[in-house]
Amino acid sequence: MRLTEQWPRLCLAVLACTGLLACDAEEPASGDGPTMITARIEGSVFYRERMMLPPGIEVEVQLQDISRADAMATVLASALLTPQGAPPYQFRIDYNPAEIRSGMTYALRATIRNDDQLLFTSTEYIDPFQGNPVEILVQRVPEPVRP
């Protein structure tokens, strides 16, 4: 087969590959701006108590900037789950790595709530960048004393 006979097929193949590559590109977050690069933290939240929690509980995991001791932590990203069944509860947090500054301190914090009542919370420092998957142990919060 001569090159002049193969030329239309070659052009069609190049156009098809270009179209497939264009479909695989990420869409800009705002539609007209540059794409935001994200990183992901994955892990699980668990507790040691041998108990099932009521339906409708919410598990929240936050990536926090805890650099300033005299100020509340700044939440950079979070994941909110309404899990079914027993722990461990799997989570994924997507965040913008451009917001992470050298010399600052970051932590993960997890809570489990039933409506507005806090049931469990993490009590120890959890390094979010220790590698995936991250395991977060939460402790039961004492119930308030009723008069």
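I began with F120, which counts as buried at 1% relative accessibility (buried means under 20% relative accessible area, exposed over 50%, partly exposed in between, with a 1.4 Å probe and protein chains only).

A note on the source: this is a predicted model, where local features need pLDDT of at least 70, side-chain atom pairs count only at pLDDT 80 or more, and totals for chains, interfaces and linings use all residues. Residues are numbered from 1 along each chain as its sequence is written, and side-chain values use heavy atoms, with hydrogens and water left out.

**Entry: aromatic rings**

I searched the whole structure and found three aromatic pairs. For my own reference, rings of Phe, Tyr and Trp (its six-membered ring) pair if their centres lie within 6.5 Å; planes under 30 degrees apart count as stacked, over 60 as edge-to-face and the rest as tilted.

How do the rings of Y47 and F120 pair? I noted centres 4.6 Å apart and planes at 25°, so this pair is stacked. The pair links distant parts of the chain, with Y47 in the loop between β1 (39-46) and β2 (58-65) and F120 in strand β6, 73 residues apart. Y47 counts as buried at 6% relative accessibility.

Next I looked at Y106 and F129, whose ring centres are 6.1 Å apart with planes at 75°, so I wrote them down as edge-to-face. Y106 sits in strand β5 and F129 in the loop between β6 and β7, so the pair ties together parts 23 residues apart in sequence. Y106 is buried at 5% relative accessibility, whereas F129 is partly exposed at 36%. I also found that Y95, Y106 and F129 form one aromatic cluster.

**Entry: backbone**

Which peptide bonds did I find to be cis? One runs from P87 to P88, with omega near 10°, and P88 lies in the loop between β3 (74-81) and β4 (89-95). Another runs from N132 to P133, with omega near -5°; I place P133 in the loop between β6 (117-122) and β7 (134-140).

D115 belongs to the loop between β5 (106-114) and β6, and is exposed with a relative accessible area of 64%.

**Entry: whole chain**

I listed one helix and seven strands (DSSP runs numbered from the N terminus: helices are H or I, at least four residues; strands are E, at least two). From the N terminus on, they run α-β-β-β-β-β-β-β. Buried residues make up 25% of the 147 residues.
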